[in-house]
Amino acid sequence: MTDTNPAAAPDVTGVGLPAFLLAAVRAIETSRPDALVRDEYAEHFVRAAPECADWPRRFDDVPDGDADPLWGRLARFFALRTRAFDDLLLDSAAAGNRQVVMLGAGLDTRAHRLEWPAGCTVFEVAQPEVLAFKKSVLDGLTAVPRAERVALTADLRGDWIGTLTAAGFDPARPTTWLSEGVRPHLTPAVERELFAVIDAHSASGSVLGFEIKLGVDPAAQRDYPVYAAARRRLGIDLLALFRPGPRPDLVADLEARGWSTSVHTAFDFAERHDVALPRVPDDALAGNRWVLATRSR
């Protein structure tokens, strides 16, 4: 792969922050000998963003390794999350679901880096500036997706399902939906509507993966090591990304609509993959839950 001269990078302090932060941790994870996921494109996204010039892109660039709260422990957490949802997507595809919708796809390159079975279509829904930047970098690398990839600009607060359907999405076919990091950035009302639309356009056998976070109190958690390190070293207030207010109980709502659900912690997956992710005091990761759901009727 060669370096590129991409379109202007999104502002990492705005809507592009989660995408660049996750690209950096995927690049770090890729360089590890015991990598849970490999994303050979992630390093190029980070390298192309001037605001991220001093961010590490390899595990060897993290002096304290896993003891580093930001680029060590948090990076491993996100690698576990990525692997959990990668496995969900590929297991669902192997079972016959050939239609995938990634809401808030960001800079993840699942359409390119995963081994998809023949006949899969991956719809990526993201902000226009993120998709433009992503396209520029991938085009410069002459990257070829391993599934049919359809990139869509749509606002999740509006008629995104109309845009999706116009691009070839078929609600009569089982779908694998992924909402990996979108939920914290939505208001409770938008979040509730988003999942109602997903439910209304999911045939029996559809699969859904998403993350929830319990007990986010910015005032109480502001000095947690992960959040403090992000502010001090990156100038980023991660807690400001979370929308305030009571969140809907999506698990109960989905079950009432005919979905079967399972709820997991990062520590569950760390044990599954034999990864060291010890619980620590003031743990910003303790409230995260990954929900895997299947529509059974």
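The model contains an open sheet of 7 strands with mixed pairing, in the order β3-β2-β1-β4-β5-β7-β6. Its edge strands, β3 (148-153) and β6 (259-264), each pair on one side only, and the twist averages 20° from one strand to the next. Strands (E, at least two residues) and helices (H or I, at least four) are DSSP runs numbered from the N terminus; two strands pair if DSSP finds at least two bridges between them.

This is a predicted model, in which local features need pLDDT of at least 70 and side-chain atom pairs count only at pLDDT 80 or more, while totals for chains, interfaces and linings use all residues. Residues are numbered from 1 along each chain as its sequence is written, and side-chain values use heavy atoms, without hydrogens and water.

Strand β2 (residues 121-126) runs parallel to β3 and is joined to it by 6 bridges; A126 has T153 of β3 as its bridge partner.

Angles, from 0 to 180 degrees, are taken between N-to-C directions of axes fitted to C-alpha atoms, for helices over the stretch in contact; contact means heavy atoms within 4.5 Å.

| Helix | Lies across | Angle |
|---|---|---|
| α5 (residues 128-140) | β2 and β3 | about 140° to β3 |
| α7 (residues 188-200) | β1 (99-103), β4 (175-179), β5 (207-213), β6 and β7 (288-295) | about 165° to β5 |
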